[in-house]
Amino acid sequence: MKTLLYTLIFSFASTICFAQNHSLMFNGSDGQLELCNSESFNIGEEFTIEAWIYASEWRAEAWQGSIVTKDMQGPDSGFAFRAGKNGTLSFVVGTNAWPEVQSDPFMNANQWYHVAAVKQEDRMQLFINGNLVSTGLLSNAPAHNNQTVIIGESSGFPGRQWNGFIDEVRIWDIARTEQELSDNQTETFSGNEAGLVAYLPMNDGSGLSAANLADDSCEGTFSGMTESAWSEGYSIPAKDVGVVNVTAPDVISMFTKPVKIRAELQNFGSESISNIPVGVTINGLPSFTETFDISLQPGEIKTVVFDRIVDLTDNNTNLISLATEHPDDSNNLNNETSYRYRKPQNGSTINILNEERFNFAGDGQTKFTNVNLPEDNEEFGSLLLHISLECPS
């Protein structure tokens, strides 16, 4: 008898091939871009928000960095699309409560990302660079309000301001698919596409307003910002490669026998890249480097297996860090990723979370842990998950 064991790994795939001319800079303390109040901005059965974002610095919590909002309290209504907390993406919909979907802290500061929030019937989804990273359920219908849509600040909770740049904001009254988001994240639109109710490409470059190509009567107007907020738009490096995942060894094999390391490399740049050296650091000490004679097209992800065999069976914990070292790579922010292995109890019990607090406030309701589970299922008859909960006084 065998059971399916899943490796919980997230990866971003995108084809990024051009740059926009301008964006708007938000300083994290004052200033916002205000649109009109329109019925088309109230969430119905389907809804999508897209934007390119660049955080100069992450706010302490995900709810503090507003990207696009129409939220209001008493009663709780509208929506808020935001990010913070070391690169965590968040989307809440007001239903007289605030059901939320959150991503893992995937994003780096000082780097451009395409982000999207999608509501389709009772599902809420988050996408980064065209890839689905988190899903949640909406049990009640969205509550509407008469707030204006605000970019860079919260509509109903002042002080939740964006610190960085925002570009290419799009709001749809349809649910964009993962394929559409991936294929079109770097495409420009005319503004008359079906379902597009707001489109601010942020290419004005001057003045105190931003054109809305989907509705010229609902342009974005500056509030608390000067013309100096116009800045360079998102730009994708020509050569940019990084490690996005450590996918092997699994957490049981690591402590029972010598193993090989396997990882995923991605081309984040606009040009192909080849002959990619990757350095391996184990428990904080540089170990070895291998060069992979492969070619990656823009956005492409490939799996590589290191030839070197490592024996780490004597340790109770192992931290494997991988970093690309390509000489032509012009962006080192996404070069590296790490995976920490903790020795299972009794050879097969894997501790996923330990004394983690869950609540509605600052710690959030969602936490993420990736576990590299065994690929060879023949040795296992079942997969059990044990959960122990305690409520403090």
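Student: Which residues form the nonpolar patch on the surface, and what is their accessible area together?
Tutor: The model is a predicted one. In it, Ile352, Leu353, Leu385, Ile387 and Leu389 make up a nonpolar surface patch. Together their accessible area is about 560 Å².

Student: Is Leu389 buried or exposed?
Tutor: Leu389 sits in the segment after strand E23 (336–342). Its relative accessibility is 75%. The cut-off for exposed is over 50%. Leu389 therefore counts as exposed.

Student: How many aromatic pairs are there?
Tutor: Ring centres must lie within 6.5 Å to pair. By this rule the count is 15 aromatic pairs.

Student: Is the pair of Phe47 and Phe79 tilted or edge-to-face?
Tutor: A ring pair is described by the distance of the centres and the angle of the planes. For Phe47 and Phe79 the centres are 5.3 Å apart, with 55° between the planes. Edge-to-face needs over 60 degrees, and stacked needs under 30. The pair of Phe47 and Phe79 is tilted.

Student: How many residues apart in sequence are the parts that Phe47 and Phe79 tie together?
Tutor: Phe47 belongs to strand E3 (residues 46–55), and Phe79 to strand E5 (residues 77–84). Both Phe47 and Phe79 are buried. Their pair ties together parts whose separation in sequence is 32 residues.

Student: What is the angle between the planes of Trp172 and Phe189?
Tutor: Trp172 and Phe189 form an edge-to-face pair, 5.7 Å centre to centre. Edge-to-face calls for an angle over 60 degrees. Here the angle between the planes is 85°.

Student: Where is Phe189, the partner of Trp172?
Tutor: Trp172 lies in strand E12 (residues 163–172), and the pair links distant parts of the chain, 17 residues apart. Trp172 and Phe189 are both buried. Phe189 is in the loop between helix H1 (178–184) and strand E13 (196–200).

Student: Which residue lies over the face of Trp172?
Tutor: The distance from the ring centre of Trp172 is 4.0 Å. A charge over a ring must be within 6 Å of the centre. The residue over the face of Trp172 is Arg176.

Student: At what distance from the ring centre of Phe288 does Arg308 lie?
Tutor: Arg308 lies over the face of Phe288. The distance from the ring centre is 4.5 Å.

Student: Which residue has a side chain joined to that of Gln32 by a polar contact?
Tutor: Gln32 is in strand E2 (residues 32–34). Its relative accessible area is 16%, so Gln32 is buried. A polar contact of 2.6 Å joins its side chain to that of Glu34.

Key: Residues are numbered from 1 along each chain as its sequence is written. This is a predicted model: local features need pLDDT of at least 70, side-chain atom pairs count only at pLDDT 80 or more; totals for chains, interfaces and linings use all residues. Side-chain values use heavy atoms; hydrogens and water are left out. Patches are made of residues with over 30% relative accessible area and no salt bridge: like charges are joined within 9 Å, nonpolar side chains (Val, Leu, Ile, Met, Phe, Trp, Tyr) within 5 Å. Accessible areas come from the Shrake-Rupley method with a 1.4 Å probe; for residues, only the protein chains shown count as cover. A salt bridge is a side-chain nitrogen of Lys or Arg within 4 Å of a carboxyl oxygen of Asp or Glu. Helices (H or I, at least four residues) and strands (E, at least two) are DSSP runs, numbered from the N terminus. Buried means under 20% relative accessible area, exposed over 50%, partly exposed in between (1.4 Å probe, protein chains only). Rings of Phe, Tyr and Trp (its six-membered ring) pair if their centres lie within 6.5 Å; planes under 30 degrees apart count as stacked, over 60 as edge-to-face and the rest as tilted. A charge sits over a ring if NZ of Lys or CZ of Arg is within 6 Å of the ring centre and within 35 degrees of the ring normal. A polar contact is a pair of N or O atoms within 3.5 Å; within protein, one must be able to donate a hydrogen and the other to accept it, and residues adjacent in sequence count only if both atoms are side-chain atoms.
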